Amino acid sequence: MDTATKTKILEQINAGRIHKENGFCEIPTSFFVEKIDMNMPQLPPVAFFQKGKNGQLEEFRKAGEPYSALALSLRPTVWVREQDFNDVRNYAEHMLIEPSTAPGLQPEQRMESIRRSAMLVVEDLFENPSQENITRSVKVVGSFVHILMKEPKAYLFLAKLSSHDPYTLQHSVGTAVHSIILGKKLGMTDEKELQELGLGGLLHDVGKVKVKKEIINKNGPLDELEWEEMRQHSLEGYEIVKDKTNISDLSKRAILEHHENPDGSGYPHNLKRADIHPYSRIVCICDVFNALTTSRSYSNARSPFDAFQFMREKLEHKVDENLFRELVLIYGGKI
């Protein structure tokens, strides 16, 4: 199997984008088999099923049982119980973040694959902010954090990734990545904290699912009524996540507070800097930076230097000075 096909399957599984049927998930066999021989490949500890002549699923490999690549390759796909899919997803994530498990993948390819996985997750999340899709978001942020912690220069690969994707999806992933990178630059070393911060960045705009699409996609400036509806998205986002037990209170605060400004001019509660949580301030500045450096239908992406200059001259009320200085150091702007 060529690398492009392998990474596409990895991304689909890492994002949870697989076919489900009657409590089972269908997985391409090529995902498990690198080459066809008599060796016993390392497999996730789950039972495998195949469809019999009557269409019923029959177990052919018990959980943890060795199985040869040759025997496995006789089937185009295998089925696993839906409750076991998380083990398969962990197996896919391990292949993406551990070089020894997929030596053909270069670091840039690994980071790009994780980013594309995140794009798939966010696309589904904005279609349906369900518990399942939020759980998938938690997992994909964990992938980012893990690889950034293992490879300190990984952010360089992320910083160079293209931004040709649909704006809202790319922006959510970009804000999460910038937030994690900035948090690490500020001295955060606890993976749980970085994951909380990244999740706040990934979900910061989830409330926009409640805003009319014609407002979201409007090319020109919004009128007063449209702005009033748009300004509700941070509250709407908080309402979506407030009862989700797998999202921390600090991630929820970042979603709620990411449009609060240090001078008290933000929304929804006109908080001043001392009352805005650090996670929220980080997501806020990364939200602004990513928006300025991403192409949209009505504006071209700015270079980091131009973005920093614009933030300094036009958005001083939104900018936390300390965070701004650290962000400049990360991306090399000279202001």
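Trainee: Why does Gly-266 count as buried?
Mentor: Gly-266 has a relative accessibility of 3%. Buried means under 20%. The value of 3% falls under that cut-off, so Gly-266 counts as buried. Keep in mind that this is a predicted model.

Trainee: Where is Gly-266 found?
Mentor: Gly-266 is in the loop between α12 (249–257) and α13 (278–292).

Trainee: Which residues is Gly-266 in contact with, leaving aside its neighbours within four places in sequence?
Mentor: They are His-259, Glu-260 and Asn-261. Contact here means heavy atoms within 4.5 Å. There is also a C-alpha separation to note: Gly-266 and Arg-231 are 35 residues apart along the chain, and their C-alpha atoms are separated by 9.7 Å.

Trainee: What kind of peptide bond joins Tyr-267 and Pro-268, cis or trans?
Mentor: The bond is cis, with omega at about 10°. Pro-268 is in the loop between α12 and α13.

Trainee: Where is Asn-270 found?
Mentor: Asn-270 is also in the loop between α12 and α13. Its phi is positive, about 55°, although Asn-270 is not a glycine.

Trainee: Why is Asn-270 called partly exposed?
Mentor: The relative accessible area of Asn-270 is 48%.

Trainee: Now the helices. Why are α7 and α8 called roughly antiparallel?
Mentor: Helix α7 (residues 167–185) and helix α8 (residues 191–202) pack at about 150°. Angles over 145 degrees count as roughly antiparallel. The angle passes that limit, so α7 and α8 are roughly antiparallel. Their axes are 7 Å apart, and the crossing is right-handed.

Trainee: Which residues make the contact between α7 and α8?
Mentor: From α7 they include Ser-172, Ala-176 and Ile-180. From α8 they include Leu-194, Gly-198 and Leu-202.

Trainee: What makes α3 roughly parallel to α5?
Mentor: Helix α3 (residues 85–97) packs against helix α5 (residues 131–150) at about 30°, with axes 11 Å apart. Angles under 35 degrees count as roughly parallel, so that is the label for α3 and α5. The crossing is right-handed. Among the residues in contact are Arg-89 and Leu-96 of α3, and Val-140 and His-146 of α5.

Trainee: How do you know that α14 and α15 are roughly antiparallel?
Mentor: Helix α14 (residues 304–314) and helix α15 (residues 321–331) cross at roughly 165°. That is over 145 degrees, so α14 and α15 count as roughly antiparallel. Their axes come within 11 Å. This crossing is left-handed.

Trainee: Which residues of α14 meet α15?
Mentor: Pro-304, Phe-308, Met-311 and Arg-312 do. In α15 they meet Glu-321, Phe-324, Leu-327, Val-328 and Tyr-331.

Trainee: Which residues have the most contacts inside the largest nonpolar core?
Mentor: Met-311 is one of them, along with Ile-27, Phe-31 and Phe-32. The core has 81 residues. Helix α4 (residues 107–127) gives the most to this core, with 9 residues. Beyond its neighbours within four places in sequence, Met-311 has contacts that include Ile-285, Phe-289 and Leu-292.

Trainee: How many helices and strands does the chain have?
Mentor: The chain has 15 helices and 5 strands. Of its 335 residues, 50% count as buried.

Notes
Residues are numbered from 1 along each chain as its sequence is written. This is a predicted model: local features need pLDDT of at least 70, side-chain atom pairs count only at pLDDT 80 or more; totals for chains, interfaces and linings use all residues. Side-chain values use heavy atoms; hydrogens and water are left out. Helices (H or I, at least four residues) and strands (E, at least two) are DSSP runs, numbered from the N terminus. Buried means under 20% relative accessible area, exposed over 50%, partly exposed in between (1.4 Å probe, protein chains only). A nonpolar core is a set of buried Ala, Val, Leu, Ile, Met, Phe, Trp, Tyr and Cys residues joined through side-chain atoms within 4.5 Å. Axes are lines fitted to C-alpha atoms, for helices over the stretch in contact, and angles run from 0 to 180 degrees between N-to-C directions. Angles under 35 degrees count as roughly parallel, over 145 as roughly antiparallel, 65 to 115 as roughly perpendicular and the rest as oblique. A crossing is left-handed if the near helix is turned anticlockwise from the far one by less than a right angle, and right-handed if clockwise.
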